[in-house]
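Reader: Good morning. I would like to go through this structure with you and ask a few questions as we proceed.

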Amino acid sequence: MRRHLRLVGAYVALLAQARLSYRADFFVQVGSDLLLQAVDLAFLAVVFSRVQALGGWSFEEALFIYGFFLIPFALFNASFAALSDVGGRYVVGGELDRILTRPLNSLLQVQLELLRPQALNGVLLGVVVLAIASARLGFTWTGLDVLVALAGILGAWLVYGGLWVAAASTSFWTQERGIGFFPLAYNTINFSRYPLTLYPAAVRFVLTFVLPYAFLAFYPAAGLLRGEYALLGWLTLPVGVGVFALGLLVWHRGLARYEGAGS
């Protein structure tokens, strides 16, 4: 484990150094990400300027859910989002052959090569939005609340990871360079930015049991705000562990079929 952590640290340091060597590009990308989030927050404010509540949730509660959403979403963008390149670059393009010659977990190596540390700015923004929403709600954080929030963030990050690893693994079977399922999966993440009760029952079912996006922000955040959601909030981490384990299983099944780029 310590060896893996040292390698992760070395990769992140090298990537940060490489990104900062093109500082203008780095800061333009960070600025673009922040601008997009600002537009989404402005949209939320405009909607609530016309209604008192949405799906039974006040503006401050929706802001709390949105702030929570930003944290695991930023971690996901930094660590898993670029796995959409696995099919074209590694499986069909042949770079996986190089990866497999090294005595280190193949998925970890691929993930480290695709890290996007500049996306981590969203974590800070999420903390700021959560702090503002908490102050407006009069929500006082206890030690247990912090523990629940951290478990929820970890669980949400694992849900993202499991889904993206599983989707990336399909390229072992399809042998396609395209990004296939990823645009649909990425765009539908937007459903998780807002209270789940906004949506019809069929959509809520899909977002809970099929694509468990409700665990990316709504359930863990709602679990902190309202007692009736506390159990679902606690379930976020076990759900994340289960989804990630499923993703790893699909990856290893796919990798067992891989016979090299020339096959």
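Reader: Of the contacts in the chain with a separation of 6 or more, what share do residues 24 or more positions apart account for?

Author: Please note that this is a predicted model. Residues 24 or more positions apart account for 77% of those contacts.

Reader: How many helices and strands are there in the chain?

Author: The chain has 13 helices and zero strands. Because its radius of gyration is 19 Å, close to the 18 Å that the globule rule gives for 263 residues, the chain is as compact as a globular protein of that length.

Reader: And what does the C-alpha trace span along its principal axes?

Author: The span of the C-alpha trace is about 60 × 40 × 35 Å.

Reader: What percentage of the residues is buried?

Author: Buried residues amount to 46% of the 263 residues in the chain.

Reader: What about charges: how far apart are the mean positions of the positive and negative ones?

Author: There are 17 positive and 13 negative charges in the chain, and their mean positions lie 5 Å apart.

Reader: Let us look at individual residues. Where is S79 found, and is S79 buried or exposed?

Author: S79 belongs to helix α3, which covers residues 59-79. S79 counts as buried because its relative accessibility is 9%, and the cut-off for that class is under 20%.

Reader: What does the side chain of S79 reach?

Author: The S79 side chain reaches the backbone oxygen of L75 at 2.6 Å. Leaving aside neighbours within four places in sequence, S79 is also in contact with Q111, L115 and W157.

Reader: Another serine, then. Which helix holds S134, and which side chain does the side chain of S134 make a polar contact with?

Author: S134 is part of helix α7, residues 121-137. Its side chain makes a polar contact with the side chain of W141, at 2.9 Å.

Reader: Is S134 buried or exposed, and what is S134 in contact with beyond its neighbours within four places in sequence?

Author: With a relative accessible area of 4%, S134 is buried. Beyond those neighbours, S134 contacts F64, F139 and W141.

Reader: How does S32 stand in terms of relative accessible area?

Author: S32, located in helix α2 (residues 23-48), has a relative accessible area of 35%, so S32 is partly exposed. The C-alpha atoms of S32 and A185 are separated by 21 Å, and the two residues are 153 residues apart along the chain.

Reader: Is G143 buried or exposed?

Author: G143 is exposed, since its relative accessible area is 60% and exposed means over 50%. G143 lies in helix α8, which covers residues 143-169.

Reader: Lastly, A16: which helix is it found in, and how far apart in space are A16 and E228?

Author: A16 is found in helix α1, residues 2-20, and counts as partly exposed at 28% relative accessibility. A16 and E228 are 42 Å apart in space, C-alpha to C-alpha, and 212 residues apart in sequence.

Key. Residues are numbered from 1 along each chain as its sequence is written. This is a predicted model: local features need pLDDT of at least 70, side-chain atom pairs count only at pLDDT 80 or more; totals for chains, interfaces and linings use all residues. Side-chain values use heavy atoms; hydrogens and water are left out. Helices (H or I, at least four residues) and strands (E, at least two) are DSSP runs, numbered from the N terminus. Buried means under 20% relative accessible area, exposed over 50%, partly exposed in between (1.4 Å probe, protein chains only). A polar contact is a pair of N or O atoms within 3.5 Å; within protein, one must be able to donate a hydrogen and the other to accept it, and residues adjacent in sequence count only if both atoms are side-chain atoms. Contact means heavy atoms within 4.5 Å. The radius of gyration is taken over C-alpha atoms; the globule rule is 2.2 Å times the number of residues to the power 0.38. Lys and Arg count as positive and Asp and Glu as negative; His and the chain ends are not counted. The place of a charge is taken as NZ of Lys, CZ of Arg, CG of Asp or CD of Glu.
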